[in-house]
Amino acid sequence: MIAKAKACKGGGTLFNYVINDEKGYELDRNLICGETSKEIHEDFSIYLDQNQRAQNKLFSIVLSPSIEDSQKLTDLELKEMTRKLLNDLDINPKIQPYIAFIHTEKKHKHIHILASRVKADGKLISDHHIGKKAQNSAHSIAIENNLVSAKNVMIEQIKENEKLAEEKVKLFTTIKDEIYQKHSVQ
């Protein structure tokens, strides 16, 4: 499982991409009305306009389980994971406007989440290290649910690469010793 997150402007193109019935279906939402991407974008604007100074007033987040895990996870499990991720990013899913949409057009289900950075008082939720926080949250969600974690996969790949490097050094040393032995015999 991996997650990516960033703060962005959140124009119509992003909403059209995320909220697209040809790509998938809606998983969850809070405080947002509308059925089409245009209606949902307009409803988000009501919240986003409460802060006139900021430019990037929306979080764009993707939560992506492994192909095998995505095929066995239920929508209820995915919804719980989405809400856990939002909480880990300091986005309270009970009071912040957001929409989560599952995309199924690829080999695995993955979740796109659009969430308002603007709180009810007009202040922004911090986007400081939001991408790193999302990665850490995805790792902890994967561990809690016995799923594949991208972090663990990366660690295993590093260990495998180190093992291969050690084997190459041993092989090189053996070849070097053999060459030395052949030349020193004469």
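## Surface patches and a few residues

L171, I175 and I179 come together as a nonpolar patch on the surface, with about 280 Å² of accessible area between them. Keep in mind that this is a predicted model. I175 counts as partly exposed because its relative accessibility is 41%, and the partly exposed class runs between under 20% (buried) and over 50% (exposed).

Helix α6, which covers residues 150-185, also holds E160. That residue belongs to a negative surface patch, made up of E160, E162, E166 and E167. E160 is partly exposed too, with 42% relative accessibility.

Now for strand β5, which spans residues 110-116 and contains H110. Buried or exposed, what is H110? H110 is buried, at a relative accessible area of 6%. Its side chain has a partner as well: the side chain of H110 makes a polar contact with the side chain of H112, at 3.4 Å.

K38 is found in helix α2, residues 37-48. K38 is exposed, since its relative accessible area of 58% falls in the class set at over 50%. How far apart are the C-alpha atoms of K38 and I67? They are separated by 31 Å, with the two residues 29 apart along the chain.

Here are the accessibility values side by side:

| Residue | Relative accessible area | Class |
|---|---|---|
| H110 | 6% | buried |
| I175 | 41% | partly exposed |
| E160 | 42% | partly exposed |
| K38 | 58% | exposed |

Terms used: Residues numbered from 1 in each chain as written. Predicted model: local features only at pLDDT ≥ 70, side-chain atom pairs only at ≥ 80, totals over all residues. Heavy atoms only, no water. Patch = residues over 30% accessible without salt bridge, like charges linked within 9 Å, V, L, I, M, F, W, Y side chains within 5 Å. Areas by Shrake-Rupley, 256 points an atom, 1.4 Å probe, with all protein chains shown as cover. Salt bridge = Lys/Arg side-chain N within 4 Å of Asp/Glu carboxyl O. Lys, Arg positive; Asp, Glu negative; His and termini not counted. Charge placed at Lys NZ, Arg CZ, Asp CG, Glu CD. Helix = DSSP H or I, 4+ residues; strand = E, 2+ residues; numbered from the N terminus. Buried < 20%, exposed > 50% of the residue type's maximum accessible area, 1.4 Å probe, protein only. Polar contact = N/O pair within 3.5 Å; in protein donor to acceptor, adjacent residues only side chain to side chain.
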